[in-house]
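Dear colleague,

Please find below the sequence and the structure that I am handing over to you. My notes on what was found follow directly after them.

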Amino acid sequence: MKKTIFSLALGLTTAIGVAQTKPGLGTDKLKFYVESFNKIDTETVKNYVTNDQAYEFLSKNAPLFECPDSTIEKIYYYRWWAFRKHLKQTPDGFVFTEFITQVNHAGKYNTVSSALGHHIYEGRWMRDPQYLDQYINFWLYIDPKTPKPHLHAFSSWLQDAVYNYYLVNQNKATLQKQLPVLDADYRQWETEKMAPNQMFWQFDVRDAMEESISGGRKDKNIRPTINSYMYGNAVALTKMAKLFGNDTLMNRYQAKAAQLKRMVQDTLWDNEANFFKVKQVAKGKLADAREELGFIPWYFNLPDDKVKYAEQWEQLTDEKGFNAPWGITTAERRHPLFRTHGTGHGCEWDGAVWPFATTQTLKGLANLLTNYKHQDGMSKQVFYTELHKYAASHTKRGLPYLGEYQDEKTGYWLKGDNPRSSYYNHSGFADIVISDLVGLKPRDDNKLEVYPLIPDGLWDWFCLDKVPYHGHEITVRWDKTGNKYKQGAGLYIYADGKQLAKSKDLKHIITKLP
């Protein structure tokens, strides 16, 4: 696996890796990658942006990126190339699909809400906001009017994602319009899925995690998933309400967030296993399995900064825990029911590697490393190793590919050649590179924060360019020796071509925007 994907990408770096003469990047690499992806694609489904239009579209919308790790670089562009395949123009505006083919459980225009949060986090970095704006508009205003609304078919961190999109684009007028709808949506979840103990329950299938060890399609369990999502949504609504001076709404959601935080830690933490687990309502106890969903609370910075919670992360690098050759498993490998639910017959969340969950875990780990003091052995190197492994897993028969879920030992995509599995838009990648690896951290003030998670001494250079942020176009460039870009040694940050900050070291920087 590694030899094939590395050799192809390394050949590219040698062929077109030339020194830059401008502060940012040209589109030569983007063009090369798009053309190479087009050549291996049958394009059985064509949506708004066809393959022959992909380069032009992405050159106008996708941030540019290059780095010495050819695997991460190649898949960064592959994911943008695949993401635009899912953009559809409809009578109700633009939407993004999850499956490239029509699926029976989808709503209007083949939309599915399970990965909506991932779509928004990924799409917030596109330079033209109309596509994501109209997609969010569809879910807030169009889907509710359909005969069978689908937004609540799956758990969602919609409010959190919408607020984090605002932190990039600063579109205050749109957010103010959306706030009452997002408030109503939260209250609807309380009506539908709140248990007597004031926590949220969910079927594993409605968490898009069906056939799990801890649950079932008809088991109403108190899960770290939906409770973490609703905590993140409550925090986001608190910040939105504060932004618009709505003290009543702000106090309400501040209280809800505090209550959920306390209850998740009191109810779902297993002191013996040192892990957040599913509370099985029928059995009245925590499940006996550690599952990857236990890392989700850190996606929203929910756990307190305590040693006992940080100790959970030891399981990430343990081969008896979640560490496997092809990625992070969805259940601990030591459990007797690991990978016992069949092969490719349904959706197996009993151990197989799912990009959906990998995305959540990597962002949770990034938050641990940037926002917490207690990290229990986790490091930039651990994050990088898992991100690189995730990138390298995007392959099938030696060619770039993204499917539903994989065998943790062989990398075999367990849906085989099922057409619905191709380009499966159910996870994120570009956002992890931009916001977590390079570390561009969106803020609510007039500052730009960069917190790189690249291990010290690993990369001598990289450049992230044409990133939309607060109405500016951002460039982050690192050149350890100055020999790569010929514009000085160190870390440089630009807005609209104007230098904002410089450091001789690759480190955490906060600087003012123009």
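**Findings**

Glu408 is located in the loop that runs between strand E13 and helix H14; helices (H or I, at least four residues) and strands (E, at least two) are DSSP runs, numbered from the N terminus. Please note that this is a predicted model, in which local features need pLDDT of at least 70 and side-chain atom pairs count only at pLDDT 80 or more, while totals for chains, interfaces and linings use all residues. Residues are numbered from 1 along each chain as its sequence is written, and side-chain values use heavy atoms, with hydrogens and water left out.

With a relative accessible area of 4%, Glu408 is buried (under 20% relative accessible area; exposed is over 50%, and partly exposed lies in between, with a 1.4 Å probe and protein chains only). Not counting residues up to four places away in sequence, Glu408 touches Ala324, Pro325, Trp326, Thr329, Arg333, Phe338, Arg339 and Val353, where contact means heavy atoms within 4.5 Å. The C-alpha atoms of Glu408 and Ala195 are separated by 35 Å, and the two residues are 213 residues apart along the chain.

Asp431 is buried, at 2% relative accessible area. Its contacts, leaving aside neighbours within four places in sequence, are Tyr121, Glu122, Arg124, Trp125, Lys363 and Asp436.

Turning to the core, the largest nonpolar core holds 164 residues, and Phe65, Tyr76, Phe383 and Phe462 touch the most other members. Such a core is a set of buried Ala, Val, Leu, Ile, Met, Phe, Trp, Tyr and Cys residues joined through side-chain atoms within 4.5 Å. Beyond four places in sequence, the residues that Phe65 touches include Leu25, Tyr76, Trp459, Phe462 and Cys463.

How many disulfides does the structure hold? There are 0, a disulfide being a pair of cysteine sulfur atoms within 2.5 Å. Cys67 is in no disulfide, and the nearest cysteine sulfur, that of Cys463, is 11 Å away. For Cys463, the closest cysteine sulfur is the one in Cys67, and this 11 Å is too far for a bond. Cys67 is buried, at 0% relative accessibility, and Cys463 is buried with a relative accessible area of 0%.

The largest pocket contains about 770 Å³ of space. On a 1 Å grid over the protein atoms alone, a pocket is an open set of points where a 1.4 Å probe fits, with protein on both sides within 12 Å along at least five of seven lines; lining residues have an atom within 4 Å of a point. Grid points are joined across faces, edges and corners, and a volume is the space filled by probe spheres set on the points. Of the 27 lining residues, Asn164, Leu167, Lys239, Asn301 and Pro442 are the closest to the centre of the largest pocket. Helix H9 gives the most to this lining, with 5 residues.

The second largest pocket has about 390 Å³ of space. It is lined by 17 residues, and Ile40, Asp41, Tyr401, Ser422 and Tyr423 lie nearest its centre.

Most residues other than glycine have a negative phi.

Yours sincerely
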